[in-house]
Amino acid sequence: MCSACLLSAGAATQPVQPAGAGVAALPCTLGDYRLLRKLGAGGMGIVYEADHIPTGRRLALKVLSQSLDNEEQRQRFLREGRLAATIDHPNSVYVFGTEEIDGLPVIAMELAAGGTLRDEVKRRGPLPVRDAVDAILGIIEGLEAAHARGILHRDMKPSNCFLTGEGKAMVGDYGLSISQASPPPDDEPVTRSGMVMGTPAFSPPEQLRAQPLDQRADIYSTGGTLYYLLTGKAPVERTTPVETVAAVLEGRVPNVRTARPEVSDDLAAVVARCLAPQAAARFGSYAELRAALVPFSSTAPEPAPLGTRFVAGLADGVLLGGLMFLVLVLWPQWGQAVSDEFATMSEWAFTAFGIVFHAVAESRWGATPGKWLFGLRVAGLDGARPRWHRAAVRAAIFSITAVVVEWILTLLGLTTETDESMMSSILVIAALLFAGASPLLFFIPALRRPDRAAVHDLLTGVRVILRPRGNERLKVAGLPLAVLSRGPETWGPFQPGPVIGEGLRQGHDPLLRRPVLLQARHGQAGPAAARRDCARGGRLRWLQSVSDAAGGAWDVWQAPAGSPLLTVLAEGAPRWSQVLFWLDDLAAELSAAEKDGTLPAQLSTAHIWITTDGRAVLLDEAWPGLNVGAIATTDPNASAQQLLSQVGGLCPAVHRPLHADALLTSLAQAAFERLSHMSGNIKHLLQKKMDVSRLSRSATIVGPLVAALGVPAFALLMIDAVQKMEWEAAFPGVIPLPKVLDMEDRASRDGRWKDAALAGQIRIHIAGHYDSLRDEAREDLPILAPSSLQKLRKILKDQPMPDAAGLAAADVAVRKAAPAFPYAGYAPGVDWEKAVPAIVLILLIAAALVQLLQVAVFGAPPLMRLTGVAAVTEHQRPAGRLRMLWRWCVGWAPLWLVGAVLGICAAAGMRIMPVLPEICQVWMPALLLLIIFALLVPRRSLADRLAGTWLVAR
């Protein structure tokens, strides 16, 4: 932009000082309103605190400034009211109506008793981090509701964010808003040509350049508002508007930590991402921004269950073990100097590697791979990722403990066998197991602490918590409401519409272009004052009273978009996460209604309305046409709990988590002394696991298979790699002896590999390099299988010592042939192609028997408990031991089928080993398909369907 344009833009964005708009000294009367005091002024109007004389309602009245009294500004002013009226959300300022008084347009809005966020910062200074984030989370809720209706705010700033008397933040002042869903007609201009709309210090660069906007423009302004709440300053502050615009366009926004160093790096990164000059670099949605801010809010995070931490730690251990194995395989020189000192050095080296691994992962990404897989997060007490030194100290305390304990036990002589007795071996094994498990003692305090903090967590000020979940509310379709045309009949400012039920009919507000509900009074005096003044999101707002053509009195109510709860249920049973949100909404409203005496005379599920954005609203009367048993509210506490018990029961028990049972039982028994206690318990459940994830399900399935197959295989590979290094260290430069012995055995006997000439060369190779073993085995050599040792001694006895030329020729022949021979490890002569299926089958049978023992003793496999999964039936929560045993039989059916086939073959005198690979080619894919099906349908696998069980969160 050129300097002239900047000057023009700067001048255009300066607020116009409003005139008095025909208002005399306050207080005074304007139409049906009594203006009490001036709340603020903007470029389009002045806002007064006022009383609506006919209803007695205290509200905020926005009056068009007299200096802007032209048709363009008048249309935009009225359009503000219509746009704001389409947003029906607790975190958005509610518009009661708009009208013209003596040709002067006014908008009647909800009064925010707490003032604006700008006022709050002026009173208190920069807000505490959690208070600032809580306020922005409320603003995000309101902006998200506006975006769902295609509305961009375009002027988000602290002075346009309001606070209720209870401290709830709301979005207001939609004067510059635009509707992306329905652009304004040609006769309703929104902006003057060449005028930059918005406040430059909080406006995104694309808005100042008059480029197309989307919700990321409002996200920029929201980030700027958070910046202001944390620092007391705008993101960009310059002497003149021109300099401010130029700084915003150039992206010169300082880091929030510059003005407030105690803000964590993580929160500063969130603010910086919101204020990124390029829209593509910002958060893509409000849900994404909310998830990034929740850890810094006052909402207490749910501590990670100790079982889940244990499983995540095992996953990290497997990963670290795999990395260790890669080091041993890819860096064979590591084991060239095998000794006790080297073993100690290696142990400390790998311990240090584990500390660095945890420190980097937790300080950089907030979780190690294992914790990330199981939905855990490591955070400081401020909700941010721990600094690298804290993460390193925490990992060091935990990791070094086992090494130190083992070192102490070694000094005491408890890790060395004193003799060859079995008792001595058992004591050594017990000492080593104690050393390895010693870090688990750190978790003893966590068993009683509500935050589940272990010793190393407490010492470093770090906590392991569940990652915030992004459970979304159920979006429902609204009831089809008639679109009313402008007819001759009006009841006050409203048009009557179709009859919905006895004494209830639809109406229409032609000025705000929104539906309303008209309810006949039937001779009553109308709602009580407390009910008329009720402005909570959990109830319909009373707007005013009107009279029909015959003089009958009608109350006008807000008409929420959505459907009655019972209509929503007709489309299918809701998930627990959806029901829990409804319980939270209703519990908060019932608790507030009990305090101010606005609880309906009767309660039932027909009194519940679900809005299109998934909020539950309590109706004063049952919706017409829905006949269900009503609960009298003679005892408000018991009746409220009974209603919530009915709502909680809408989710089938087989889909409900086990931890919800205690709440529903307490509600059914009306056990809560206060409704506020009930509401607090429900909010706590919102942080807990609500469903069985595919990851948890995969852990329960793959875990036993990994334990049965992966652990033994990994142990064998590690032993194989260590022994390979030991042989290479003892005899450098030659192929390890076990490999050579296996080659000789195959070349001598195996028809597939038989090669007499090669066998002779191998024997020459062995005699030339291992002549030192001719008389007796050296004590410093690695372990060799007895059969291999016997073969070695026979070869050395029969084969004379070769000359140098013969040995060189033999070495060339052996090295050339070695790659062609299959891997045999340190079990020479074994046909692994046939042995592996047998070993796999044996290990799986062992795993199945171990799980059978676990089910028989504990009622469920411990891994299910550790991963937060439980099996239930239609009548038992959790499933009984007999049902779990039947589920075990069904789940391992493919294994039993294979075992039966092999048993029949053995009984018929058939040799099993030759056909075992072919059998495995059939049943292994079948087992894999069953596992894939279980992961695709985590709640109910084929085994669960056959056993009559469901999987739910524990």
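Arg452 sits in the loop between helix H15 (422–437) and H16, where helices are DSSP runs of H or I with at least four residues, strands are E runs of at least two, and both are numbered from the N terminus. The phi of Arg452 is near 55°, a positive value in a residue other than glycine. At 30% relative accessibility Arg452 counts as partly exposed (buried is under 20% relative accessible area, exposed is over 50%, and partly exposed is in between, with a 1.4 Å probe and protein chains only).

A word on where these values come from: this is a predicted model, local features need pLDDT of at least 70, side-chain atom pairs count only at pLDDT 80 or more, and totals for chains, interfaces and linings use all residues. Residues are numbered from 1 along each chain as its sequence is written, and side-chain values use heavy atoms, with hydrogens and water left out.

H16 itself covers residues 455–460, and His456 is part of that helix. With 3% relative accessibility, His456 counts as buried. Setting aside neighbours within four places in sequence, His456 touches Arg309, Arg394, Ile397, Phe398, Phe442 and Phe443 (contact means heavy atoms within 4.5 Å).

Zooming out, the chain has 33 helices and 24 strands. Of its 954 residues, 49% count as buried. Among contacts in the chain with a separation of 6 or more, 69% come from residues 24 or more positions apart.

Now for the helix packing. Two packed helices are described by the angle between their axes and the distance between the axes. Here the axes are lines fitted to C-alpha atoms, for helices over the stretch in contact, and the angles run from 0 to 180 degrees between N-to-C directions.

| Helix pair | Axes come within | Crossing angle |
|---|---|---|
| H19 (residues 576–596) and H20 (residues 636–648) | 10 Å | roughly 170° |
| H4 (residues 129–148) and H10 (residues 286–293) | 10 Å | roughly 170° |
| H3 (residues 117–124) and H6 (residues 215–231) | 9 Å | roughly 15° |

H19 is mostly covered, with 17 of its 21 residues buried. Its length checks out too: at 1.5 Å a residue, the 21 residues of H19 should span 30 Å, and the end C-alpha atoms are 30 Å apart, which agrees (the expected span is 1.5 Å times one less than the number of residues). Just after H19, Gly597 takes a positive phi of about 75°.

H4 and H10 are likewise paired, with axes that come within 10 Å and cross at roughly 170°. That makes H4 roughly antiparallel to H10, and the crossing is left-handed. From H4 come Val133, Ile136, Leu137, Ile140, Glu141, Leu143, Glu144 and His147, and from H10 come Tyr286, Ala287, Leu289, Arg290 and Leu293. This contact has nine nonpolar, one polar and three charged residues.

H3 and H6 are roughly parallel, and H3 passes H6 in a left-handed crossing. Leu117, Arg118 and Val121 in H3 meet Thr225, Tyr228 and Leu229 in H6. Those residues divide into four nonpolar, one polar and one charged.

Back to the backbone in the loops. Arg154 has a phi near 70°, again positive in a residue other than glycine, and lies between strand S7 (151–152) and strand S8 (161–163). At 11% relative accessibility, Arg154 counts as buried. Elsewhere, a cis peptide bond joins Arg877 and Pro878, with omega about -5°; Pro878 is in the loop between strand S23 (869–872) and helix H30 (881–891).

Notes:
Parallel < 35°, antiparallel > 145°, perpendicular 65-115°, else oblique. Left-handed = near helix turned anticlockwise from the far one by under 90°. Nonpolar A, V, L, I, M, F, W, Y, C, P; charged D, E, K, R; others polar.
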